[in-house]
Structure formats: structure tokens, C-alpha cells
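Here are my notes on the model you sent. Please read them with the structure open.

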Amino acid sequence: MTAAEEQELVEFLERDQLVTDTARPVPRMALSRRTSVALWALRVFVVVVSAMVIYTFISQIVH
Amino acid sequence: MVEDTPGDGVVALPRPALTPEDAARSQDRFRVHDARRRGRRWTLLWLLVGPGILAMLGENDGPSMISYATTGATYGLGFFLPFILLTFAMSVVCQEMCMRVGAVTHRGYGQLVLERFGPLWGWFSAGDLIFTNLVTLIAEFVAIRIGLSFFHIGAGVAAVLGVALVVFTLSGGRYWRWERIVLGMAVFNGLFLVAAVMSHPRLGSVGHAFITASPFPGGSFNTLLLLVASTIGATVTPWMIFFQQSASADKGLTPGDLRHGRYDTVAGAVLAALFGCGALIAGAALFAHGGAGFDPSHPLAGASLPGALKLVSGNAVGTVFALGLIEAGAVAILTISASTGYAVGECIGVAHSFNNTTRKAAVFYAANIGAAVVAAAIILIPGAPLLSIALNANVLATVLLPVALVFLIMLANDRELMGQWANGAATNRIAVAIVVFISVCGAAYGVDSFLRAVHLVS
């Protein structure tokens with residue numbers, strides 16, 4: 001691809017759409033203590049319910 | 001990510017060199033710019049639809065269609081017809097957020113969760129996705145196997161067909177090519193609507209069910225909870241979140257395309273709801289005929305659906321339904337494998353685009369094919385509880401969904417990333433209500449089933 005062709009193509013992309021830009025990590029968000037606790041509570045909740053569903057599934061197969 | 005674009009008094013920085021991925025995406029964007037400049041509205045719509053329709057029709061997959069038809073066969077027409085519409089309305093709210101975040105940030109869901117909330121939450125999300133995707137992929141191969149068995153074709157063909165499809169669609173190194181092939185296949189999801197029409201439902205009963213949401217299902221409370229949870233899992237799932245956001249970014253959508261992205265999402269939901277209701281109405285023929293050839297109370301009932309429909313509604317309906325199951329499984333294998341590839345590539349931090357060659361994005365393509373190969377291998381294991389897996393796949397997706405949705409809502413509200421395109425108050429209220437509703441339904445089924453399994457309730 002020539003430099004002119006490349007220049008023409010690049011015009012159709014937004015700057016933050018280029019691979020070099022999207023590969024740059026976005027800054028990490030500072031989670032408040034309350035948000036962290038809520039996220040962990042939700043995490044524990046889905047793990048417990050998932051374990052119940054999987055246990056039920058296995059017991060149905062066994063019986 | 002939102003950035004200032006060069007304007008008055010702002011000096012444009014020199015553009016970095018284009019990668020082959022950029023060049024491929026740029027060619028697609030050129031066509032979008034050209035259609036917009038010439039005022040070709042239909043061409044513009046054609047160019048910009050894809051991720052939304054694929055996410056919605058991809059989720060009208062084998063286990064979902066089996067679940068809808070089983071619901072129809074168990075309860076007939078009634079509460080579940082409008083309930084399907086409600087779940088797709090919920091799906092539109094969630095998927096619109098995915099599309100918006102992908103178009104504004106140009107990043108996938110896995111990448112954003114990992115970078116914005118840290119590697120722990122990123123890998124939790126990817127782990128949930130890979131687990132549910134594997135279970136769901138097995139269910140898709142089971143659906144293809146059920147469909148093929150109607151034509152007396154064995155499990156080996158189902159396994160080879162599914163993996164061959166993934167490999168075929170991945171060749172070419174272009175997102176556009178992959179998307180159009182899968183869209184072409186997804187059109188045949190309409191076979192479920194054809195099956196419904198051919199089963200000659202009473203239009204008065206269908207209309208009554210939609211308007212009154214009655215009769216409300218009776219019988220076993222646990223079966224009702226299972227079908228509610230699996231119907232939700234048939235419309236809103238973790239893989240759809242990963243897929244639509246990543247595909248929107250891979251396609252090259254920008255904030256200027258949000259309106260068309262919304263058309264795409266709503267069109268997908270309307271089609272998927274129509275075809276999903278078609279599967280339920282086709283299945284309801286079994287209920288109307290007293291369940292001839294079909295026992296809805298049996299946990300593995302889905303296996304005999306095409307055969308039972310053949311007995312009750314004729315060979316043509318059974319054939320169309322079986323072909324529909326093959327299509328539903330095949331399209332879902334492609335979209336779910338893609339979401340696995342995106343998640344793995346984004347979390348590891350390597351190239352993750354269909355616009356790359358297999359050499360450049362080896363991990364992305366390997367995860368795509370690897371997920372399908374593992375699922376295909378499992379359905380070949382003699383005595384594996386395949387149909388139980390198929391029927392529980394949607395429930396598991398429902399149970400794991402709330403965490404994925406909460407992170408999505410947080411990303412869509414992140415003004416540092418989203419700027420003026422962040423969620424409004426109304427969207428947030430609806431989104432939170434959806435999370436609460438899905439959590440309650442998933443937990444109700446999980447707890448009730450567990451208590452029955454350990455004989456604490458009967």
C-alpha cells in the first residue's frame with residue numbers, strides 16, 4: 001500500500017478507532033468501598049445459586 | 001473512548017501507520033461514508049446492520065427453540081407468548097447498551113472490564129463466559145444432532161458439520177465476510193415461523209394469549225420456574241453482551257452510527273421474538289392434541305419434538321422444525337464461538353478481530369475453533385447426558401447473567417469513557433429493574449430446585 005493510499009484510507013477511521021489507540025489501556029476506575037462490597041456480594045450470590053443449579057443438575061442425572 | 005476531535009485552534013496530530021486490521025476496517029468505513037454522503041439510506045442501513053440481528057437471532061438457538069416449543073407443549077398458548085415479548089424488550093435495553101459502549105469506546109466488553117475494574121473482575125467475567133459458552137455450545141451441537149437424527153443422520157456428522165462451519169466462516173480475514181455469511185444463515189431462523197403457520201393455530205387463541213397473557217400456567221411450581229428461567233436465558237445471556245459490544249467495535253461502528261445500531265438491535269429483537277413465538281405456537285400443537293407422541297413432563301422431552309410434531313401436525317411440520325433446529329444450532333455455534341474468541345483475545349491482550357489474518361490473531365482464531373472442537377468432542381462421548389445439558393444451559397446463563405449486566409450498566413454510565421453517550425436516568429431505572437427481575441427468577445429456580453434435590457421440600 002502506498003503512503004497516499006494509506007492516507008486516503010485512514011481518513012475514514014476515527015483516531016481512537018485505530019489499533020494503536022484501542023491497544024492502549026483505559027485508566028483503571030477507583031471503586032468505592034461500597035461498590036466493591038456490592039460487587040463481591042453479587043459475585044458470591046451468583047456462585048452460590050450456580051452451585052445449587054449444578055448440584056440439582058447432577059442429582060437429576062444420578063437419579 | 002471519547003476524545004476531542006481537531007477543530008478550531010486544535011492542531012491535528014500526525015496519524016500513526018495503518019495496520020492491516022485498520023486497512024480492512026477502513027475499507028468498510030469508506031462504504032459507510034460514501035452511502036451517507038450520497039444520501040443512500042437503505043444502503044447505509046444494509047451496511048450498518050449486523051451485530052444486533054446476529055446477537056438476537058444467535059440467541060434464538062437450539063436450546064432456546066427447544067425451550068419455547070417445550071413451553072408450548074406443556075402449557076399451550078397463554079402466559080408465555082407475551083412473556084417472550086417482555087424478555088425481548090429487556091434484551092433490547094441490554095443489547096443497546098452493548099452496542100453503544102462498543103461504538104463509543106471501540107473496545108470489547110472483556111477488555112473494558114479488565115482494564116477499568118482490574119484483572120480479577122475481567123477474568124471472572126471471561127471465566128463465567130467461557131464456562132457458560134462451553135455448556136451452551138454443547139447444547140447447540142445437541143440441537144443439530146436432534147435435527148439431523150430426524151433425517152436418520154448420526155452424531156458424528158453433527159460434530160463435523162459444526163466445526164467445519166466455524167473453520168469455513170473464519171477463513172478470509174474479514175469481519176464483513178464473516179458477518180454476512182452468518183446473517184445469510186440466520187435468515188433461516190424464520191423456519192420456526194413457517195412451522196407455526198403450517199401447524200394451523202387458531203388465530204383467535206393466539207390473539208387472546210397476547211392480549212390477556214392467559215391462561216396462566218398451572219401444575220408444578222418448579223417446572224414453571226424452570227421454564228421462566230430458561231425463557232429469560234433464551235433472550236438475555238452473557239455471550240450476547242460480549243458478542244454485540246465486541247462485534248460493534250470490530251465492525252467499526254462510531255457514535256455517528258448509534259441510530260442505525262439501534263435499528264439493528266430492535267430489528268433483531270422483533271425478528272427473534274416473532275420466530276421464538278413461532279416455535280412456541282408450533283409446540284403448542286402437541287398440547288392441543290393431548291401430547292400425542294410426546295410427554296412434556298419428561299425432562300428429556302426436547303429430543304422427541306420434531307418426531308412428535310410429525311405425528312401431530314404432519315411430516316412437513318416435523319421436517320421444517322428439524323431443519324430449524326439445525327439452523328439455530330449452527331448459527332449459535334458461530335456467534336458463541338466468536339464471543340469466546342473475543343473474550344479470550346481481549347483478556348489476554350492480543351489481536352482479536354476478524355479483520356486479522358489467522359497468523360496475526362492466532363489466539364483469537366484458536367479460541368474460536370477450540371471452543372467448537374471441545375463441545376463437538378463432548379457430544380461424541382457415549383452416554384453423556386446431552387439433553388440434560390441442553391435443557392439446563394439457558395438456566396445457567398440466567399443465573400450468571402446479573403454480574404455481567406451490572407458491569408455493563410457501570411460501563412454505560414462511565415462518563416469518562418462514554419461522555420455525552422452515557423446512560424440516561426430512564427435507561428438506568430429500566431436496566432436495574434431488569435437485573436433485579438433476572439436475579440430473583442434465577443435464584444427462585446436455583447433455591448427451589450436445590451431444596452427439592454436435597455428433599456427439604458417436596
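1. Confidence overall. This is a predicted model. Its scores are ipTM 0.91 and pTM 0.90. Chain B has a mean pLDDT of 89, with 93% of its residues at 70 or more. One stretch of chain B needs care: over residues 2–10 the pLDDT is below 50. Beyond near neighbours in sequence, that stretch has 9 contacts in the model.

2. Confidence in chain A. The average pLDDT here is 87, and 92% of the residues score at least 70. Among the elements of chain A, H2(A) has the highest mean pLDDT, 92. H1(A) has the lowest, 70.

3. Overall form of chain B. The secondary structure comprises 20 helices and 0 strands. The C-alpha trace of chain B spans about 75 × 45 × 45 Å along its principal axes.

4. Packing in chain B. Of the 458 residues in chain B, 58% are buried. Take the contacts in chain B with a separation of 6 or more: 84% of them join residues 24 or more positions apart.

5. The nonpolar core. The largest nonpolar core holds 158 residues. Which of them touch the most other members? They are Ile138(B), Phe141(B), Val142(B), Leu280(B), Ala282(B) and Leu408(B). Helix H16 of chain B, residues 315–348, gives the most to this core, with 19 residues. As background, nonpolar side chains tend to be buried together in soluble globular proteins.

6. A covered helix. Look at helix H3 of chain B, residues 51–59. It is mostly covered, and 9 of its 9 residues are buried. Among the buried residues of H3(B) are Pro51(B), Gly52(B), Gly58(B) and Glu59(B). Ile53(B), Leu54(B) and Met56(B) are also on that list. What do the buried residues of H3(B) pack against? Their partners in chain B are helix H4 (62–75), helix H5 (80–105), helix H9 (175–186), helix H13 (238–251), helix H14 (258–288) and H16.

7. The contact between the chains. Chain A contributes 32 residues and chain B contributes 44 residues. On the side of chain A that touches chain B, the elements giving two or more residues are helix H1 (3–10), helix H2 (19–22) and helix H3 (33–62). H3(A) gives the most to that side, with 13 residues. By class, that side of chain A has 19 nonpolar, 7 polar and 6 charged residues.

8. A loop residue in chain A. Pro25(A) sits in the loop between H2 and H3 of chain A. Is Pro25(A) buried or partly exposed? Pro25(A) is partly exposed because 13 other C-beta atoms lie within 10 Å, whereas a buried residue needs 20 or more. The C-alpha atoms of Pro25(A) and Val53(A) are 37 Å apart, and the two residues are 28 apart along the chain.

9. A loop residue in chain B. Gly419(B) is in the loop between helix H19 (415–418) and helix H20 (425–453) of chain B. Gly419(B) has 13 C-beta neighbours inside 10 Å, so it counts as partly exposed. Along the chain, Gly419(B) and Gly39(B) are 380 residues apart.

Note on methods. Residues are numbered from 1 along each chain as its sequence is written. Chains are lettered from A and ligands numbered from 1 in the order in which they are written. This is a predicted model: local features need pLDDT of at least 70, side-chain atom pairs count only at pLDDT 80 or more; totals for chains, interfaces and linings use all residues. Two residues are in contact if their C-beta atoms, placed from the backbone, lie within 7 Å. Helices (H or I, at least four residues) and strands (E, at least two) are DSSP runs, numbered from the N terminus. Ala, Val, Leu, Ile, Met, Phe, Trp, Tyr, Cys and Pro count as nonpolar, Asp, Glu, Lys and Arg as charged, and the others, Gly among them, as polar. A nonpolar core is a set of buried Ala, Val, Leu, Ile, Met, Phe, Trp, Tyr and Cys residues joined through C-beta atoms within 7 Å. A residue is buried if 20 or more other C-beta atoms lie within 10 Å of its own, exposed if 12 or fewer, and partly exposed in between; C-beta atoms are placed from the backbone. pLDDT is the predictor's confidence in each residue, from 0 to 100.
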